[in-house]
Amino acid sequence: MAVPPARPRARRRPLVAALFSALALAATAVPAGAAPTADFVPVPPHNPYAGPDGTATMHGDTGSSDTTPLAGPGAGNLSSKRVALASACPTVLVGSDGHPVVLCTPIFGQVPTVHLLNPADGSSLTTLQLTKGSLLGGVYAYLDDQDRLVVVDGSRSLLRVAHRKDASGKWRLSVDRSLSLASAVPADDAVTGLSPDWQGRVWFATGNGVVGLADDRTGQVSTLRLPAGERVANSISTAPEGTAVTSTHATYLLTAAADGTPRIAWRQAYDRGRARKPGLLSWGSGSTPTFLGPKTGTDYVAIVDNADTTVRLKVYRTDGGAEICSIPVLQASGGPGSENSPIGAGNSVFVAGTYGYPYPALPDGAGPSVPSSADFAGGLTRVDIRPDGTGCATVWDNTLRSAAVPKLSTATNTLHTVVRDPLIPGTKGTGILDPYRYVQIDPATGRVTRSRQVGIGSLYDTLQMAGTVAPDGAYLQGTVTGVLRITAG
């Protein structure tokens, strides 16, 4: 049903797998009220057509900075609860009303399902099934400025899913608006990423390399196709300057012509290596491109390449695409690969390694990996861009085995993630009895400052999915079977 165009709001602030390593004992909590330092600001500006910063997208904001203005679990003993949904839940978002909206794929049937969760305990209040599509189709979604989940389902329809109470007081999920993209997306293709621009239109990219711009208020859909053979296996990012898309061959900045037609502003190829690597889901960069920068928060675009021996962080100027730096990362771990979007804040970039991570399923067309398997290496690297924009330098590089996409809280200058510890300390292998730990990390040093074991075994596999800090301080982390709710106090 047609709905009048939404008015922009003012900026709001508020991926199966028993021993627990003695080196990871909990330390003193970071004070919840600590003021941020200038090191990790600014972040990308608020998109007026997206939900709250930090919780509107899988990567926090439409610039995919993987930052949050929210503090996360504060002082007191850490505790965790597994919300069992019998589903892998990669997309955990929270609206301005505090209600988590979660997009999951059930273990049985694999029909994408939206859950509205109770903010108090994480229980599912109501569900809505979507049309089934490809493995990655529908994984990336976002909340708009009316707290509606914006997603493309298996029928190639752009949906806005709202949640509200009915006359009896029960919560319901329903489709407020729908626009078919069938004329733009071939039947054998699927949308892998989407994000709003600053005019309320929705940019999208498909697995087979179609990039489009859709306006579900007017019905207009315009597309362009990337060069033959280029696929898009990750999400996309939007900023006032344009839309960043990283294909399996190159990174692009796209803008829209006056008639709404997408056009390429610049293209930068990267080293994609000779094949897909174990721990990556495609042959090419695993990065959703990240906007960051010291002036506007979107001065630069960052990705990680797929070079054979040592992967490199690539940073480009948003204006014109000139390369700022190409610097080796994840060298301490020896794991040359990352499936995760880098964290970007101010002049700092954080890269988490996923080389060797044992995914239980791969997207269609992923192809064989070289080598066929590897131990999970992990690794976390911080790189800073020089203040004058003339290059980059490594600040620290460690072997931490993050099993999720880390998030940086700019409220407390704390990195949050879940790590996968080996069953036998000192080894790199993985198995169904691996323990998982929620950790807080000092971004200045890369050291773990606080941790809590959240579970042992495959039920707790966080599968390199992104966590989200909720307004009440809870850390919500998708797993292969549901959502972990980590709290303090």
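**Salt bridges and strands in a predicted model**

Arg148 has a relative accessibility of 2%, so this residue counts as buried. The model is predicted. Asp144 is buried too, because its relative accessible area is 0%. The side chains of Arg148 and Asp144 form a salt bridge, with 2.8 Å from N to O. A search of the whole structure gives 17 salt bridges.

Arg172 and Asp166 form another of these contacts, again through their side chains, at 2.8 Å from N to O. The setting here is partly exposed. Arg172 has 41% relative accessibility. Asp166 has a relative accessible area of 27%. Buried would require under 20%, and exposed over 50%, so both values fall in between.

Asp421 and Arg437 also pair by a side-chain salt bridge, at 2.7 Å from N to O. This pair links distant parts of the chain, 16 residues apart. Asp421 lies in the loop between β29 (414-420) and β30 (435-441), while Arg437 belongs to strand β30. Asp421 counts as buried because its relative accessibility is 8%. Arg437, at 5%, counts as buried as well. Elsewhere, salt bridges with shared partners connect Asp144, Arg148, Arg160, Arg164, Asp176, Arg177 and Asp216 into one network.

Now turn to strand β12, residues 202-206. 5 of its 5 residues are buried, so the strand is largely enclosed by the rest of the structure. In a regular strand, side chains alternate between the two faces of the sheet. Val202, Phe204 and Thr206 point one way from β12. Trp203 and Ala205 point the other way.

Strand β11 (residues 191-196) pairs with β12 over 5 bridges, in the antiparallel sense. Gly193 has Ala205 of β12 as its bridge partner. The hairpin of β11 and β12 has 5 residues between the strands, and Gly200 there takes a positive phi near 90 degrees. With strand β13 (residues 210-215), β12 pairs over 4 bridges, also antiparallel. Trp203 has Leu213 of β13 as its bridge partner. The hairpin of β12 and β13 has 3 residues between the strands, and Gly209 takes a positive phi near 90 degrees.

Further along is an open sheet of 4 strands, in the order β15-β16-β17-β18, with antiparallel pairing. The edge strands are β15 (237-239) and β18 (262-269), and each pairs on one side only. Neighbouring strands of this sheet are turned by 25 degrees against each other on average, direction ignored. Inside the sheet, 4 bridges connect antiparallel strands β16 (residues 242-246) and β17 (residues 250-256). Thr246 stands opposite Thr251 in β17.

Conventions
Residues numbered from 1 in each chain as written. Predicted model: local features only at pLDDT ≥ 70, side-chain atom pairs only at ≥ 80, totals over all residues. Heavy atoms only, no water. Buried < 20%, exposed > 50% of the residue type's maximum accessible area, 1.4 Å probe, protein only. Helix = DSSP H or I, 4+ residues; strand = E, 2+ residues; numbered from the N terminus. Pairing = 2+ DSSP bridges. Axes fitted to C-alpha atoms, helices over the stretch in contact; angles between N-to-C directions. Salt bridge = Lys/Arg side-chain N within 4 Å of Asp/Glu carboxyl O.
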